[in-house]
Amino acid sequence: MPPPYAGGGDAEGGESDLSAAAAHDDGSSSLEANKRGGAGSALLVIIVLLNAFLGNVLVSLLAPFLPEQLAKMNISQIYSGILFTIFPVAVVISAPLMTSVSNRIGRPTLAAIGIATQGLASVLFGYSVAITASSTQALVVMILSRFTCGVGAGAANLAVFSAAADTFEHSLASVMAAVEVLIGVGFAAGPVVGQMLYLAGGFSLPFLVLGLITAVAAPAAAWLPSQQQNTEQTHRQDEQENGSSAPKRSALTTPLVLSGGVLLLGTAIFGFVEPILALHLTEDDGVSQKHVAYYFLAINIPYLLAAPLVGHVADRVGHARVLFFGSAACGATLIMMGPIGMRALFVSSPRAKARADAILLSVMGLWQALSLIPALPAMKSGAAASGSEAVVALFNGFQQTGLALGPIAGSIMTHMFGGYRSAVELLGIVVVGYTVICLVISTLCLQRSEEMKLGDEESTTTPLLTRDDDYDVDDGNVAGRGLSEPMEAPTTTTPITATAASPSSFAATRVGSFRGAASPLTSGALVSRLYSNNNNTDERN
């Protein structure tokens, strides 16, 4: 069971809580948590991977036989796309609500409810035909149950990934790499298992079996670590810094949005390419239908094989650095798949283009690992001080939006720009252009951050204690004696306090840097301090 909340009730306890919260900001609490709960961390990894596997089996389960079932019901195939798209839409819509619910009932409860909801909603989806009197009613039940399943997935993912983000702060990319492997295995296993059960027992059996397995696994979420203590500490720190009525901190920052945009485009690439790839291969490249599956494996196998290494590297060299590099490389690969790239590679015959597509799709799968796996840790490190729930909710929003928009954008752009190759080339240009914009904005933000930090250091320099006769002020000239030597503790000292700089002749005087100062000080603020100090001395004399 999760450890009970141990909040301090007195002033000293409150101070220790604030210290713990500050340590959490520096990453030390994550290390302590890992040392303190090795077995608990291993159990958390199992829960995270189990959630990823079962959730994605349920997502992909219906792919092989849904079109056939809709045809039996005399329902248009357009609803097949709707039933797939409504799942990520439900995750995006429910994300803000799930963040609030998590703060109220805790991660373990939310995760258990979410996992159970996915399983039971899937069972309802499978029995939609049996419990209704018409195809229209069955379709309504399918849409509602699929939406409910998406809400449950959003709840479970929010709770589970938030716990992982707090527990594995310094190895989060490695954990996400393992998650991506299980997601890939789940997506691959879902259609296979679903087709087998469908042939064995009809439309209801796949959803009954796997839905009940998922629902039975829900109680395992009780061992998730709770976020209650961190939430209370953050709230106390906000009150300490900004007053009792201080608003809650927002996780939304420029670095987070930039990383989230890379995640959105990365997931959109999968949804963009895969629905239109099969038709392109058979009609344009002359690939036989039985060989089309190998091209999909060409994308997914390099992605899954590279995932552990990418997570390990990203944890050491920087998540955002790996993320942006992968995004730019992926965009460049998409451009190479287009007409310009084919001409640059001197590829003209359909068979040569098919071979080039297989190679480029494999390379793209590798770059996709770089542009997706570090996304959550990059967003978390770029967020303002806030709970992990807010970051994970935004992560889910960007990810599921990309999954929902990708197929739509792929179909529209293929129709508008004359085929698969022109569409992927334009998508590649968009991805590269966005990455360049991200790098420019990141550079500007970094420069501004350094300037603000420098200004803060100048304005918060520790007050200097000086002898009354350390400086001579004569006709607007300031002369220091013995500035290069450390000052001895004076018998009578006068603290120099910061005052507003006045428009005097001292403003033009430049004063050298002082030993122990954070940065060189120019005349404006320092001379006004010296002027105030000497005035105080004259008044005492």
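Predicted model: local features only at pLDDT ≥ 70, side-chain atom pairs only at ≥ 80, totals over all residues.
Just after α5, Gly-106 adopts a positive phi of about 95°.

## Helix α5 itself

Helix α5 covers residues 78-105. At 1.5 Å a residue, its 28 residues should span 40 Å, and the end C-alpha atoms lie 39 Å apart, so the two values agree.

The helix also has a bend of about 50° at Ala-95, with a proline, Pro-96, following within four residues. Which residues of α5 are buried? Ala-95, where the bend sits, is one of them. Others on the list include Leu-83, Ile-86, Phe-87 and Pro-88, as well as Val-91, Met-98 and Thr-99.

## A look at Thr-435

Is Thr-435 buried or exposed? Its relative accessibility is 2%, so Thr-435 counts as buried.

Who are its partners? Setting aside neighbours within four places in sequence, Thr-435 is in contact with Phe-324, Ser-327 and Ala-328. With Ser-327 there is also a polar contact, side chain to side chain, at 2.8 Å.

## The whole chain

Stepping back, the protein chain contains 19 helices and four strands. It has 541 residues, and 44% of them count as buried. The chain exposes about 26100 Å², with carbon and sulfur atoms supplying 63% of that area.

Key:
Residues numbered from 1 in each chain as written. Heavy atoms only, no water. Buried < 20%, exposed > 50% of the residue type's maximum accessible area, 1.4 Å probe, protein only. Polar contact = N/O pair within 3.5 Å; in protein donor to acceptor, adjacent residues only side chain to side chain. Contact = heavy atoms within 4.5 Å. Helix = DSSP H or I, 4+ residues; strand = E, 2+ residues; numbered from the N terminus. Areas by Shrake-Rupley, 256 points an atom, 1.4 Å probe, with all protein chains shown as cover. Expected span 1.5 Å × (residues − 1). Bend = angle between axes of the 7 residues up to and from the residue.
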